[in-house]
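Try each task before reading the solution below it.

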Amino acid sequence: MLIAGNWKMNTDLPAAVALAEAVVKEVGDPGDVQVAVCPPFVSLAAVHEVVDGSPVRLGAQNMHFEEQGAYTGEVSAAMLTSVGCTYVILGHSERRQYFGETDALVNQKVKQARRHGLVPIICIGETLDQREAGEAEAVVRTQVAGALEGIDVEDPSTLVLAYEPVWAIGTGRTATPEQAQAMHAFIRGLLRERYGEATAAAIHVLYGGSMKPGNAAELLAQADVDGGLIGGASLKAADFAAIVRAA
Ligand code: PEP
């Protein structure tokens with residue numbers, strides 16, 4: 001299991017440090033559960049100082065696909081590893097929706113992250129219109145194929161997928177455990193076609209979309225749900241830690 005907190009564009013530097021300190025304290029010893037927090041870029045180095053030596057790992061929320069150069073405002077994979085990142089969230093629906101990120105772009109970023117030893121958390125998921133039109137599986141199939149094109153996986157711990165139905169993100173409307181399991185099983189099948197049974201079984205497929213302490217246990221109990229990507233509830237250390245305990 002992996003529980004990752006996506007802080008999005010929340011917390012200034014002091015607030016990020018305080019939240020990280022509270023997360024480390026509240027999470028304590030998570031046992032077998034892997035835990036990560038993904039603060040804004042400007043707080044990564046400071047949060048790394050807080051979480052270093054604890055079970056909590058660090059992730060970023062985005063990254064550029066080029067090595068370095070004239071890309072004003074962008075952040076490279078090497079910059080992320082230099083401040084202690086283990087993970088990077090890629091292709092979040094907010095980046096697809098507001099910043100025009102495509103599957104091809106996400107694929108370039110995934111390749112670059114892996115070249116630098118960063119574990120990409122690749123977000124996929126359909127909109128409400130797509131679900132209501134019966135297109136959810138087709139959309140997810142296209143996103144998975146696009147993001148993973150040309151990517152070999154020998155070590156399943158080097159790649160994470162997050163199924164985040166767009167209609168459930170930040171809306172308080174969660175997929176039912178049955179809806180989540182059905183799509184996760186579908187995604188597992190896509191991974192099996194690409195990487196074989198054993199690797200597919202070991203790749204973490206997270207659920208994201210209004211997961212909170214009250215619904216985490218039943219979502220995480222589903223056979224193909226291997227953890228959670230948590231937005232809103234990751235901004236409260238006690239709630240985030242409660243989800244870690246549910247895992
Ligand atoms: C997310 O944006 O990754 C997310 C899951 O957000 P929330 O938990 O707030 O729905």
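Axes here are lines fitted to C-alpha atoms, for helices over the stretch in contact, and angles run from 0 to 180 degrees between N-to-C directions. Helices (H or I, at least four residues) and strands (E, at least two) are DSSP runs, numbered from the N terminus. The model is predicted: local features need pLDDT of at least 70, side-chain atom pairs count only at pLDDT 80 or more, and totals for chains, interfaces and linings use all residues. Residues are numbered from 1 along each chain as its sequence is written, and side-chain values use heavy atoms, with hydrogens and water left out.

**Exercise 1. The packing of α10 and α11**

Task: Find the angle at which helix α10 and helix α11 pack, and describe their contact.

Solution: 
- Step 1. Locate the helices: α10 covers residues 213–220 and α11 covers residues 237–246.
- Step 2. Their axes lie 9 Å apart and meet at an angle of about 25°.
- Step 3. This angle makes α10 roughly parallel to α11. Angles under 35 degrees count as roughly parallel, over 145 as roughly antiparallel, 65 to 115 as roughly perpendicular and the rest as oblique.
- Step 4. The crossing of α10 and α11 is right-handed. A crossing is left-handed if the near helix is turned anticlockwise from the far one by less than a right angle, and right-handed if clockwise.
- Step 5. From α10, the contact (heavy atoms within 4.5 Å) uses P213, A216, A217 and L220, while α11 supplies D239, A242, I243 and A246.
- Step 6. Sorted by class, these are 7 nonpolar, no polar and 1 charged residues. Ala, Val, Leu, Ile, Met, Phe, Trp, Tyr, Cys and Pro count as nonpolar, Asp, Glu, Lys and Arg as charged, and the others, Gly among them, as polar.

**Exercise 2. A partner for α11**

Task: Work out how α1 and α11 pack, and which residues make the contact.

Solution: 
- Step 1. The angle between α1 and α11 is about 35°, and their axes are 9 Å apart.
- Step 2. α1 passes α11 in a right-handed crossing.
- Step 3. On the α1 side, look for L19, A22, V23, E26 and V27; on the α11 side, for A237, A238, F240, A241, V244 and R245.
- Step 4. The contact of α1 with α11 divides into 9 nonpolar, no polar and 2 charged residues.

**Exercise 3. Helix α8 and its surroundings**

Task: Describe the length of α8, its packing with α7, and the setting of L191.

Solution: 
- Step 1. Helix α8 (residues 177–195) has 19 residues and spans 26 Å from its first C-alpha to its last, close to the 27 Å expected at 1.5 Å a residue. The expected span is 1.5 Å times one less than the number of residues.
- Step 2. Helix α7 (residues 136–147) packs with α8 at an angle of about 40°, with axes 11 Å apart, in a right-handed crossing.
- Step 3. Among the residues making this contact are V140 and V144 of α7 and F186 and L190 of α8. The contact of α7 with α8 has 8 nonpolar, no polar and 4 charged residues.
- Step 4. Now turn to L191, which is found in α8. L191 has a relative accessible area of 0%, so it is buried. Buried means under 20% relative accessible area, exposed over 50%, and partly exposed in between (1.4 Å probe, protein chains only).
- Step 5. Beyond its neighbours within four places in sequence, L191 is in contact with L148, L161, G196, A200, I203 and V205.
- Step 6. G196 follows α8 and has a positive phi, near 85°.

**Exercise 4. Loop residues**

Task: Where do T11, S210 and R173 lie, and is each buried or partly exposed?

Solution: 
- Step 1. Start with the background: most residues other than glycine have a negative phi.
- Step 2. T11 lies in the loop between β1 (2–6) and α1 (13–27), with a positive phi near 80°. T11 is partly exposed, at 26% relative accessible area.
- Step 3. S210 is found in the loop between β7 (204–208) and α10, and its phi is positive, about 55°. At a relative accessible area of 17%, S210 is buried.
- Step 4. R173 sits in the loop between β6 (160–163) and α8. With 44% relative accessibility, R173 counts as partly exposed.
- Step 5. R173 and S210 are 37 residues apart in sequence, yet 6.4 Å apart in space, C-alpha to C-alpha. Leaving aside neighbours within four places in sequence, R173 is in contact with L128, W167, A168 and S210.
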